[in-house]
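Thanks for making the time this morning. Please have a look at the sequence and the structure before I start talking.

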Amino acid sequence: MSFNESVLICDEVDPIINKVLKENGLKITYEPQITPDQIKEKIAQYNIIIVRGRTTLTKELIEKADNCKIIARVGVGLDNIDLDAAKAKNIRVINAVEAAMTSVAELVLGFMLALARQITIGDRGIRDGEWLKNELVGTELKGKYFGIIGLGNIGKRLGRLAKGLHMNIIGFDVIPIDEEFSKDVGLMKTDLDTLLQSSDYVSLHVPLLDSTHHMIDAKKLSLMKKTAKIINTSRGGVIDEEALYEALKNGNLGGAALDVFENEPAIKNKLATLDNVILTPHIGAQTKEAQSLAANVIAEKIIQILRGII
Ligand code: NAD
């Protein structure tokens, strides 16, 4: 079966997506640098719109997508797509939830190890001509309490990896946590406040929703141990960055590692003035494996939808 739908790809995506869709007869327009104005002009011509994280499909743009059947996000979060507008136009929105879990979970492990051993501080010291051996006494991860907030795809993968490091895993989710998984990794379920009070490391893996916006605010941060470290690879708005800055600056929190920010690109973010912080430019899913898996998953889902299978 071959299809003749037209596809607009608005962001840079792994070439596999082009290849699979073309093989199935779809007509591809690849414009990874397209601007919102240019999208507005031509969106009505296309049946399928593909984005990654650069393009935001606003209500205004989606309202013009008169021939669109599918919007695909080559990634996980759907916060750059106005879902209500898509629903109103009867457009199906798909994403690749499974693709990034290993890459994001491995980044969190990297953050925890770097925070525990102050790797970035030692590195900066040597570059600045300082040998900070005596100052940089670290801690092991083994035996530490690790609180995971949100036990979906990424949270669960992380739990399994952390078990390999012999950490004690504590979990909080608003939905029941998979019993078999909990038993496998020895996860202790708890409420959010207890998790924050008990953990040496806390990692966030929730979607950005009204209910999760600033779910970690000054009050929640004040529950944490002064030595504890918080890691956010989910979405920037989940932590109140101003409150985090104050907690770190005043010595009320041990450290933080952030891959996501309230405003991206987070150039000149004042958290960068603090030593006990590691910042990366939203690279959680930025691996060869995650990108190619996301592209494959999306190409496959589009073909299955056109075939009427899913
Ligand atoms: P998922 O949907 O599989 O899991 C999210 C979990 O959070 C669910 O179990 C849900 O019940 C839980 N949850 C929702 N609200 C909650 C709350 N208030 N308190 C506690 N738990 C709550 O999602 P996922 O694939 O694991 O992704 C998690 C996050 O990671 C998303 O925000 C996603 O956008 C982000 N992400 C970031 C990157 C990156 O590049 N840094 C890459 C992929 C995904």
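Predicted model: local features only at pLDDT ≥ 70, side-chain atom pairs only at ≥ 80, totals over all residues.

Let me start with the ligand. There are 26 residues around the ligand, and those that come nearest are N153, I154, D173, V206 and T233. Sorted by class, the shell consists of 13 nonpolar, ten polar and three charged residues.

T233, already named as one of the nearest residues, has a backbone N or O atom 2.9 Å from a nitrogen atom of the ligand. At A285, a polar backbone atom lies 3.3 Å from an oxygen atom of the ligand. As for cover, the ligand on its own has 870 Å² of accessible area, and the protein covers 87% of that.

Next, the helices. Which helix does helix 1 pack with, and at what angle? Helix 1, residues 16-23, packs with helix 12, residues 288-306, at about 20°, and their axes are 8 Å apart. Angles under 35 degrees count as roughly parallel, so helix 1 and helix 12 are roughly parallel to each other. Their crossing is right-handed.

The second pair is helix 5, residues 101-117, and helix 7, residues 153-164. Their axes come within 8 Å and cross at roughly 50°. That angle is why helix 5 and helix 7 are described as oblique to each other. This crossing, too, is right-handed.

Last, the backbone. Where is there a cis peptide bond? The bond from E264 to P265 is cis, with omega near 0°. P265 sits in the loop between strand 11, residues 255-258, and strand 12, residues 277-279.

The other spot is N90, which is not a glycine but has a positive phi of about 60°. N90 is in the loop that runs between helix 4, residues 83-88, and strand 5, residues 92-95.

That is what I have for today.

Conventions: Residues numbered from 1 in each chain as written. Heavy atoms only, no water. Near = heavy atom within 4 Å. Polar contact = N/O pair within 3.5 Å; in protein donor to acceptor, adjacent residues only side chain to side chain. Areas by Shrake-Rupley, 256 points an atom, 1.4 Å probe, with all protein chains shown as cover. Nonpolar A, V, L, I, M, F, W, Y, C, P; charged D, E, K, R; others polar. Axes fitted to C-alpha atoms, helices over the stretch in contact; angles between N-to-C directions. Helix = DSSP H or I, 4+ residues; strand = E, 2+ residues; numbered from the N terminus. Parallel < 35°, antiparallel > 145°, perpendicular 65-115°, else oblique. Left-handed = near helix turned anticlockwise from the far one by under 90°.
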